[in-house]
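We will take it one selection at a time.

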Amino acid sequence: MTSLILRTTTRYLTPLLLIFSVFLFLRGHNQPGGGFAGGLVAAAPFALFSIAFGAAEARRVLQVEPRWLIGVGLLAALASGVIGLLGGYPFLTGTWGYLKLPGFGVLDIGTPLFFDLGVYLAVIGVTLSIIFALEEAE
Amino acid sequence: MMLAISVLSGFGLAFAAPILSRRFGRAAGWILALLPAGLTLYFIGLLPSAAAARPAAFSAPWAPDLGLVFSFRADGLGLLFALLISGIGALVVTYTGGYLKGNPNLGKFYAWLLVFMAAMLGVALADNMILLFVFWELTSISSYILIGFEHERASARAAALQAFLVTGGGGLALLAGLLLLGSAGGTLELSALLGQGDVLRASPFYFPAVLLILLGAFTKSAQFPFHFWLPNAMEAPTPVSAYLHSATMVKAGIYLLARLGPVLNGTDVWVYAVGGVGAATMLVGGYLALSQTDLKRLLAYSTVSALGMLTLLIGLGSPHALEAAIVLLLAHGLYKGALFLVAGALDHETGTRDITQLGGLFSAMKLTAIAGGIAALSMAGLPPLFGFLSKELTYEAALEFGPWLAGAVVLAGLSFVFVAGVVGVGPFWGKQKQTPKSPHEAPLSMWLGPAILAGLSLLLGIFPNSISRFLISPAASGAIGESTSVKLALWHGVNPAFVLSVATILIGAGLFAARHPIRSGLSRFAWRWGPSFFYDRSLDALNALARGQTRLLQSGYLRFYLFAIILTVTGLAGFTLFTRGGLPVPVAVSEVRFYEAALALLILLAAFVATVSWSRLGAVAALGVAGYGVALIYLLFGAPDLAMTQFLIESLTVILFVLAFYHLPHFAQLSSRTARVRDGLIALLAGGLMTSLVLSAVDAQLHPSISGYFVENALPLAHGRNIVNVILVDFRGIDTMGEITVLGIAAIGVYALLKLHTDRKKDKKGGGE
């Protein structure tokens, strides 16, 4: 599919969508959003890229193999669960710490954040694995 | 602690065995045998404390919630078995070094032999019944692998599978039986259960528990009608036959019967089931042995007969019978182990196990011949060998129960004498015959085992009292259930048992002299309808059933899978819904706003268009409209998270569809009108069910709602204000974990399918060019 309009919009949309996905991911704990939605939004620009420029180009932009993202995401989620385990609590028990940032006040950082990051990465990996594979299938 | 380590050490060494075997080559057998030899010494060291009724024990929590304890206990009965296992194990491991010299899989063989040894020690010494069962199954698994060791041969594979199915099936029954026994007695510890005989016998579980346990024991110990797997298991290399299928594993069932006898015996069920099956096995095995010409099958049938005799003695349950069983167990382990090893040496050095081709080998294989001869004399029950003592005790015990039983035992004894002659005398004496290989003496590693076992048969026969206090008495006490002191003596005076014994030897020798006419006479009665026949038929039936149901359920048509899933769910859920709850009628419908109604109408319309559309793009667009409509409903009812995700999913779905279109054939009318009506009905049914379910779910409040808890605790416990996300990543994190795992697997599945397809296409193209 070689459409100039699609190609141009894709170039402009990509950074915006990526920033939006990070925004969605980060605000998710307090407002609508989260790892799942964020991951889907993050996958969108690469999906657009693969339609506009082909899967090879999209892979080049992504730089990592989407299947790895699945694995890394699952491992991150698993690891965040193990942290609670190390403290003697059941698997996946949330463990929280505090980060004092000048100008931002106190920020709560906990294992659920890493869990959500795992979801985020896994969703990107799953979506793009399927889309790239479909795009590449002859 | 030491006890647990000694039981489990074999597993550890098994891992190292392949490396040691490669590193030390021919010496590996001797090195690996150090462990079983050391264990033998260790177990001998435990005998005095067992004899003093203070057995060594070990116990550690395993799964305390389930009442499981990782416990071992080395009492007299367990130690007798442990000594047979480790002692014969040491000899068999060294023997293997000579027998399988140069086999590329020797390391693997050692490993499984050691795994078996450890598992078998576990069976003999475990105190917890579940632990015993685990080890019991491990012996079945290692036996399966060892029988099928020469897995290139179809017959070896079939024999391995047969042994595994029979013993494994029995093992399942055993587990159920042990659990029933445990719940009847209130404990899974054998040592604690042993005091509860009266409670168990009065329990309603007694009868089913006994039947199930007997099923497990009978299959394992090759009792009629399950005996057929044992002769077929002779496909295994000879060290395995000697070790597993004669001296140890097949006696696991006997061990269990002896162990549980004190709490289970004495009832009619026990006497008739155990005694009856034992007697039948003893006679059937003894009879079938007569016509065999293969050395190992001959020994196998005779082992079946001996196992039957042991079962019979345990079934009788009198103190004398149990003492005789213990002595026979030891005697049989010694002489039959030796004879199997001799048979293996004959096979190894002459190239054949066919007794009609073997003769006059004494001058070529003197040491093997002497060991085999002594073992055979012990089997035949000649003084001053240990086998004579065992036979006297058996006859005495049988005579207590009347002439019929004594007669049956004497018949089996005749078969023993016959087999002993055929194996221990026939190949070595008489005219020398032409064998495939020119015979010569077996190497040290291969005659040492038989020689030691035969030597023990002789020594224990002459000095029986050396073991009566520390070995036989504690073991017999375990089988009887109360402390007993067994006096063993070679000479009991001229009593009825002695007369029977002399008669057995004389008539048996006569039968041996007439072995050729007997064999040719009996081989004419080939038994076609034996249990083996039924095993084959039921295996065929099982395979046919599997094929049939696979063809029915795995048709390969996606629509049939969907039918099956949807109809099953609607059928089962709908049945429950309508029988339990009745058709839900929406009672209180809140006010429907105009835009809500319009949205619902739009979704319905879009769904309808999607089904009747003649263009793909139209259908996808209509589906998208339905999806966005649903997302709008989420938004209207205050679920922004859900709505946002739904919007994203809908957009991605459109992208996926567009990509998939590329590969699809042109839109065409393929299904008939009836098929479409049928599909429509099924779809309506499924949709109707979902609607009813949702309606009744709104009405019915089965459990107090949990959402209040989430609302209250999201911030204090999980530091988040978005409840949906907090539930996803914290409260219900493990669900999400499962979901992303499923997603990942699905993606890999899609990837693999597409890649496979593409690669195949490429291959075809490459082939065409």
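Start by selecting chain A and chain B together: about 3,800 Å² is buried between them, and carbon and sulfur atoms give 74% of that. Buried area here is the accessible area (1.4 Å probe) lost when two parts are put together, summed over both. This is a predicted model, in which local features need pLDDT of at least 70 and side-chain atom pairs count only at pLDDT 80 or more, while totals for chains, interfaces and linings use all residues. Residues are numbered from 1 along each chain as its sequence is written, chains are lettered from A and ligands numbered from 1 in the order in which they are written, and side-chain values use heavy atoms, with hydrogens and water left out.

Next, show the residues in contact (heavy atoms within 4.5 Å): 43 come from chain A and 41 from chain B.

Now zoom in on A:Glu136 and B:Lys755, whose side chains form a salt bridge at 3.5 Å, N to O. The term asks for a side-chain nitrogen of Lys or Arg within 4 Å of a carboxyl oxygen of Asp or Glu, and the count between the two chains is 1.

Then colour α5 (111-136) of chain A. Which element supplies the largest share of the side of chain A that touches chain B? α5(A) does, with 14 residues. Helices (H or I, at least four residues) and strands (E, at least two) are DSSP runs, numbered from the N terminus. Also supplying at least two residues each are α2 (35-53), α4 (66-86) and β1 (96-101).
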